[in-house]
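This report goes through the strand pairing, the chain contact and the helix packing of the structure shown below.

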Amino acid sequence: MADEIKDLTKIDRLIHEPSRLAIMAVLSACESADFTYLLNTTGLTKGNLSAHLSKLEDAGYIKIVKRFKGKYPNTLCSCSSQGRRAFESYWKQYSALAQHLEQ
Amino acid sequence: MTSPSDVERLIQDTRRYEFGDGLRDIQMAIYFALSSVAVWLVFQPFWVTLLGDLVERYGRGAAWPGILVMLIAPLAVIGMLGLMNFVRKRWLWRESGMVKPARWIVPRRVTVLSVVILLAGLAFAVFARRQGWVEDSFILRMLWTASGWSFAYTLISMGREIDLDRYLLIGAIGGLLSTFLLFLPLTFAVAALVFGLSWGVLLSISGILTLRRAVDARTAGE
């Protein structure tokens with residue numbers, strides 16, 4: 001069995017879920033993004049996005065800061081260093097696997 | 001939604017977002033133009049005479065305008081940052097959301113190589129002067145030319161990194177214009193002015209055109 005296939009069992013399942021993968025991809029590419037941006041780029045509903053963000057926050061992959069800007073609530077999300085490492089490692093495994101399957 | 005190409009697109013879209021409205025280009029253009037005007041001004045005899053007269057008449061405190069003129073460009077950049085933030089929050093990015101860009105858009109090797117380009121240019125100029133191939137002013141003009149090459153390389157690398165073709169074009173034209181400086185009989189101050197204004201014009205054209213597209217897209221969405 002190819003190493004890429006063996007590595008599949010070690011893949012980070014928290015990030016592997018499509019919606020969370022999209023969130024992690026966005027947050028890994030910037031210092032921080034607000035809830036509205038994540039909502040627009042991932043195409044999730046508010047409730048779904050909140051639930052996925054909470055899971056990623058519980059795992060220590062992202063940091064969430066909730067504050068008010070004037071009268072409006074503003075949620076700012078950023079990738080933690082642990083989250084960045086986890087995403088990079090996941091992405092390496094995933095890309096290698098995708099390349100292997102294409103061959 | 002989450003094929004490797006989708007994930008890559010999400011990553012690239014987020015990295016490009018900061019540059020999608022052209023405000024960054026305008027900010028860089030303002031910095032280049034104001035810095036070059038400040039450097040040119042500081043080397044003008046009338047400015048030195050004016051400062052001398054002011055100090056003589058009003059005491060040492062009157063020399064402050066001479067120092068403040070060098071701070072105009074950094075202050076304008078800070079002011080522009082505040083303005084960008086305001087315009088984006090209130091209008092341009094109100095619907096699409098706010099993103100704070102990554103601190104390093106280009107890999108560290110690009111930053112290191114851009115410094116190497118600058119130093120290599122200066123080292124070549126000093127070498128050429130020692131060999132007697134060029135006159136003294138060549139070294140001073142090379143300071144601007146090598147800075148231009150260094151910035152052009154960073155811009156082109158950034159354009160390739162985030163797939164923004166306009167930076168490839170600006171980098172190539174700016175790098176070429178910076179090279180012309182070497183062959184023009186200009187003083188250090190005038191070379192600084194030509195250098196800053198050339199980059200300023202290039203970046204402001206790019207910024208205004210991109211901003212116009214962003215405003216049109218925003219207006220169409222309303």
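## Strand pairing across the chains

In this predicted model, strand β1(A) and strand β1 (residues 99-101) of chain B run antiparallel and are joined by 3 bridges. Within that pairing, S32(A) has K100(B) as its bridge partner, and C30(A) stands opposite P101(B).

β1(A) also pairs within chain A. Its partner there is strand β3 (residues 72-79) of chain A, in the antiparallel sense and over 2 bridges. In this second pairing, A33(A) is placed opposite C77(A) of β3(A).

## The sheet

These pairings belong to an open sheet of 4 strands, ordered β2(A)-β3(A)-β1(A)-β1(B), with antiparallel pairing. The edges are formed by β2 (62-69) of chain A and by β1 of chain B, each of which pairs on one side only. From one strand to the next, the twist averages 20°.

Helix α3(A) packs on this sheet and touches β1, β2 and β3 of chain A. The direction of α3(A) makes about 85° with the direction of β3(A). As a general point, side chains in a regular strand alternate between the two faces of the sheet.

## The contact between chains A and B

The contact draws 19 residues from chain A and 17 residues from chain B. On the side of chain A that touches chain B, the elements giving two or more residues are α3, β1 (30-34), α4 (35-42) and α6 (81-102) of chain A. The most comes from α3(A), with 6 residues. By class, this side of chain A has 11 nonpolar, 6 polar and 2 charged residues.

## Chain A as a whole

Chain A contains 6 helices and 3 strands. Along the sequence, their pattern is α-α-α-β-α-α-β-β-α. Taken along the principal axes, the C-alpha atoms of chain A fill a box of roughly 55 × 25 × 20 Å.

Chain A has 103 residues, of which 30% count as buried. For contacts in chain A between residues at least 6 apart in sequence, 54% join residues that are at least 24 apart.

## Helices α3 and α5 of chain A

Two packed helices are described by the angle between their axes and the distance between the axes. For helix α3 (residues 18-28) and helix α5 (residues 46-58) of chain A, the axes come within 10 Å and cross at roughly 75°. Angles of 65 to 115 degrees count as roughly perpendicular, and α3(A) and α5(A) are therefore roughly perpendicular to each other.

The contact of α3(A) with α5(A) has 3 nonpolar, 3 polar and 2 charged residues. From α3(A), the residues are S19(A), R20(A) and I23(A). They meet N48(A), H52(A), L53(A), K55(A) and L56(A) in α5(A).

## Helices α6 and α7 of chain B

In chain B, the axes of helix α6 (residues 136-161) and helix α7 (residues 165-183) come within 8 Å and cross at roughly 170°. Angles over 145 degrees count as roughly antiparallel, and α6(B) and α7(B) are therefore roughly antiparallel to each other.

The crossing of α6(B) and α7(B) is left-handed. Residues in the contact of α6(B) with α7(B) divide into 14 nonpolar, 8 polar and 3 charged.

Conventions
Residues numbered from 1 in each chain as written. Chains lettered and ligands numbered in written order. Predicted model: local features only at pLDDT ≥ 70, side-chain atom pairs only at ≥ 80, totals over all residues. Axes fitted to C-alpha atoms, helices over the stretch in contact; angles between N-to-C directions. Parallel < 35°, antiparallel > 145°, perpendicular 65-115°, else oblique. Contact = placed C-beta atoms within 7 Å. Nonpolar A, V, L, I, M, F, W, Y, C, P; charged D, E, K, R; others polar. Pairing = 2+ DSSP bridges. Buried ≥ 20, exposed ≤ 12 C-beta atoms within 10 Å, placed from the backbone. Left-handed = near helix turned anticlockwise from the far one by under 90°.
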